[in-house]
Each structure stands twice: as structure tokens, then as C-alpha cells.
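Please examine the sequence and the structure shown here. The briefing after them is grouped by topic.

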Amino acid sequence: MDRSHIDPGVLMFGNDMLSDCTAAGLLNHARAVAALGGYQIEADTGDAIRFYAESTGYVPGQPRTDQGGVEVDVLA
């Protein structure tokens, strides 16, 4: 199977601007698993930030609310 068109490379997904490391990690994991199966999923920084906001209380555009997340809570 030709997989040359699949890019499982790790992306920042906003983790260079926000404390959304768990959200970025989950999306990168999903991309890697999909690539192993010969697929590629669409995911972008907006997806990571939305997930981060919904799982931690971060309010986009309000830096004071960027407090990171408790990893097990985010994963739950």
C-alpha cells in the first residue's frame, strides 16, 4: 500500500501559544493511529483549541483563563 501521501508528523495544534498539551497530544495520537491504518484525518488548531476550551474552561481570547488542564480530567 502506497502511504507516501500520508503525513503522520507531529503538529503543534496551538501548544506553542496555549497550555493545551493534552488536546494537542490526543489529536497527534489520533493522526498517528490513522496513519498506521493507511488513513489521514483532518484536524487543525481550531479543533484542538475547541476541545481544550470545552474540557478545561479556557475561554478563547481571554488569556487569563489559559490555566492548562488536569490531564486525567481532560482525558475523561
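This is a predicted model: local features need pLDDT of at least 70, side-chain atom pairs count only at pLDDT 80 or more; totals for chains, interfaces and linings use all residues.

Residues are numbered from 1 along each chain as its sequence is written, and side-chain values use heavy atoms, with hydrogens and water left out.

**Overall form**

- The protein has 3 helices and 0 strands; helices (H or I, at least four residues) and strands (E, at least two) are DSSP runs, numbered from the N terminus.
- Taken along the principal axes, the box filled by the C-alpha atoms is roughly 45 × 25 × 15 Å.
- Of the 76 residues, 32% count as buried, where buried means under 20% relative accessible area, exposed over 50%, and partly exposed in between (1.4 Å probe, protein chains only).
- Among contacts (heavy atoms within 4.5 Å) between residues at least 6 apart in sequence, 48% join residues at least 24 apart.

**Helix α1**

- Helix α1 covers residues 21-36, and its 16 residues should span 22 Å at 1.5 Å a residue, which agrees with the 22 Å between its end C-alpha atoms. The expected span is 1.5 Å times one less than the number of residues.
- The buried residues of α1 include T22, A23, L27 and R31.
- These buried residues of α1 pack against α2 and α3 (71-75).
- After α1 comes G38, whose phi is positive, near 90 degrees.

**Nonpolar cores**

- A nonpolar core is a set of buried Ala, Val, Leu, Ile, Met, Phe, Trp, Tyr and Cys residues joined through side-chain atoms within 4.5 Å.
- The largest such core has 6 residues: L18, A23, I49, Y52, A53 and Y58. Helix α2 (residues 45-56) supplies its largest share, 3 residues.
- A second, separate core has 5 residues, among them A24, L27, A43 and A48.
- Leaving aside neighbours within four places in sequence, A53 is in contact with Y58 and P60.
- In soluble globular proteins, nonpolar side chains tend to be buried together.

**Residue F13**

- F13 lies in the segment before α1, and it counts as buried because its relative accessibility is 3%.
- Not counting residues up to four places away in sequence, F13 touches several residues, including D20, A24, L27, A43 and A48.
- F13 and V72 are 59 residues apart along the chain, and their C-alpha atoms are separated by 19 Å.
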